[in-house]
Amino acid sequence: MAAFEDRVLYQGDPWVRVETLPRLLAEGWRRTLTEGGVVSVVRTPFQWSMGSPVIEIETGGYMGDVGLYVPEVQLPEALALLGFEDEDGAEDESGAATRAEDAGPGGGQAG
C-alpha cells in the first residue's frame with residue numbers, strides 16, 4: 001500500500017488526507033464530494049490530479065492506491081458527505097476528525 005502524508009500543503013493551502021484507497025474507488029468518492037460542493041484532489045505516487053483523467057483510467061494508467069485529499073476547511077463537510085461520523089472522538093484542534101479512518105465506523109459509503 002502506498003503511504004501518503006495525513007496533512008500536506010497543496011497550492012499554498014493545508015489539505016487533509018481523507019483516505020488511501022484504490023484509484024477507481026477514490027474517483028467515485030471524488031464524484032460524491034464534487035456533487036456536494038467539496039473540492040478534492042487525488043495524489044498518486046507520481047503526481048497530483050485535480051480532474052478525473054478518464055483516458056488514463058481507460059488506457060490502464062495507474063490504478064493502485066491513491067491519497068484522497070480535501071482542503072482542511074472542508075473536512076467536516078467531506079466526512080459528512082461520505083457518511084463518516086465522529087463516534088470515537090478522534091478530533092484535531094478544529095474539532096474535525098483528521099481522516100476518514102479516524103472518524104469512526106461510519107463506513108465511508110459514497111453513492
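This is a predicted model: local features need pLDDT of at least 70, side-chain atom pairs count only at pLDDT 80 or more; totals for chains, interfaces and linings use all residues.
How many salt bridges does a search of the whole structure find? I got five.

**R43**

Next I checked strand 3 (residues 41–43), which pairs with strand 5 (residues 65–71) over three bridges. R43 has G67 as its bridge partner in strand 5. The side chain of R43 also meets that of E5 in a salt bridge, 2.7 Å from N to O. This pair links distant parts of the chain, since E5 is in the segment before strand 1, 38 residues apart from R43.

**R17 and R7**

I found R17 in a salt bridge with D6, the closest N and O atoms being 2.6 Å apart. R17 lies in strand 2 and D6 in the segment before strand 1, so the pair ties together parts 11 residues apart in sequence. R17 is buried at 6% relative accessibility, while D6 is partly exposed at 33%. R7 and E72 meet in a salt bridge too, at 3.0 Å, N to O.

**Rings**

Last, I looked for aromatic pairs and found four. Y10 and W15 are edge-to-face, 5.2 Å centre to centre with 90° between the planes. Both are buried. Ring pairs link Y10, W15, W48 and Y69 into a cluster.

Notes: Residues are numbered from 1 along each chain as its sequence is written. Side-chain values use heavy atoms; hydrogens and water are left out. Two strands pair if DSSP finds at least two bridges between them. Helices (H or I, at least four residues) and strands (E, at least two) are DSSP runs, numbered from the N terminus. Rings of Phe, Tyr and Trp (its six-membered ring) pair if their centres lie within 6.5 Å; planes under 30 degrees apart count as stacked, over 60 as edge-to-face and the rest as tilted. Buried means under 20% relative accessible area, exposed over 50%, partly exposed in between (1.4 Å probe, protein chains only). A salt bridge is a side-chain nitrogen of Lys or Arg within 4 Å of a carboxyl oxygen of Asp or Glu.
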